[in-house]
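Below is a short briefing on one protein chain, sorted by topic. Please read it alongside the sequence and the coordinates.

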Amino acid sequence: MPLTDLESTVEPIFAMWRSQRNAPNEALGDFCHRVGVPTVEAFMESYTEGGYKTMAPAFPPIHTGSDAPMATVGVAPDLLTKVEQEAKARGMSAGALLDAIVREALEG
């Protein structure tokens, strides 16, 4: 592989690993072995360069300090993208929109 193709070749693999690994400490090689080459290749074929920017990580970083969220909840990447778009359209954060939606659903 030419060096100029390195980024476009490995970016989809890293993006898939980041968003689909089973544990925070699952190594890239272990992940690729677990899902198999055909699955990685299929993901690479459908991947759009820069797609990792809209993909939620399987294990988001833990926040500490004054900006720490009260709790974390996993949301499917496609749903998170929709929430983020709607929140932006309303001029609010995705967290604030989710909080409002859940409060309305549970508290009326």
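Helix H5 covers residues 94-107, 14 residues in all, and its first and last C-alpha atoms are 19 Å apart, close to the 20 Å expected at 1.5 Å a residue. The expected span is 1.5 Å times one less than the number of residues in the helix. Helices are DSSP runs of H or I with at least four residues, strands are runs of E with at least two, and both are numbered from the N terminus. After H5 comes Gly-108, with a positive phi near 80°.

This is a predicted model, in which local features need pLDDT of at least 70 and side-chain atom pairs count only at pLDDT 80 or more, while totals for chains, interfaces and linings use all residues. Residues are numbered from 1 along each chain as its sequence is written, and side-chain values use heavy atoms, with hydrogens and water left out.

**Whole chain**
- The protein chain has 5 helices and 0 strands, in the order α-α-α-α-α from the N terminus.
- Of its 108 residues, 20% count as buried; buried means under 20% relative accessible area, exposed over 50%, and partly exposed in between (1.4 Å probe, protein chains only).
- Among contacts (heavy atoms within 4.5 Å) with a separation of 6 or more, 50% join residues 24 or more positions apart.

**Helix H1 and the core**
- The largest nonpolar core has 9 residues: Ile-13, Ala-15, Met-16, Phe-31, Val-35, Val-40, Phe-43, Tyr-47 and Met-55.
- Such a core is a set of buried Ala, Val, Leu, Ile, Met, Phe, Trp, Tyr and Cys residues joined through side-chain atoms within 4.5 Å.
- Helices H1 (6-20), H2 (28-35) and H3 (37-46) each give two or more residues to this core, and H1 gives the most, with 3.
- The buried residues of H1 are Glu-11, Pro-12, Ile-13, Ala-15, Met-16 and Ser-19, and their cover includes H2 and H3.
- Beyond its neighbours within four places in sequence, Ile-13 is in contact with Leu-28, Cys-32, Val-40 and Met-44.
- The 15 residues of H1 should span 21 Å at 1.5 Å a residue, which agrees with the 22 Å between its end C-alpha atoms.

**Met-1**
- Met-1 lies in the segment before H1 and counts as exposed because its relative accessibility is 65%.

**Helix H4**
- Glu-84 lies in helix H4 (residues 77-90) and is partly exposed, with a relative accessible area of 40%.
- Glu-84 and Leu-97 are 13 residues apart in sequence and 8.6 Å apart in space, C-alpha to C-alpha.
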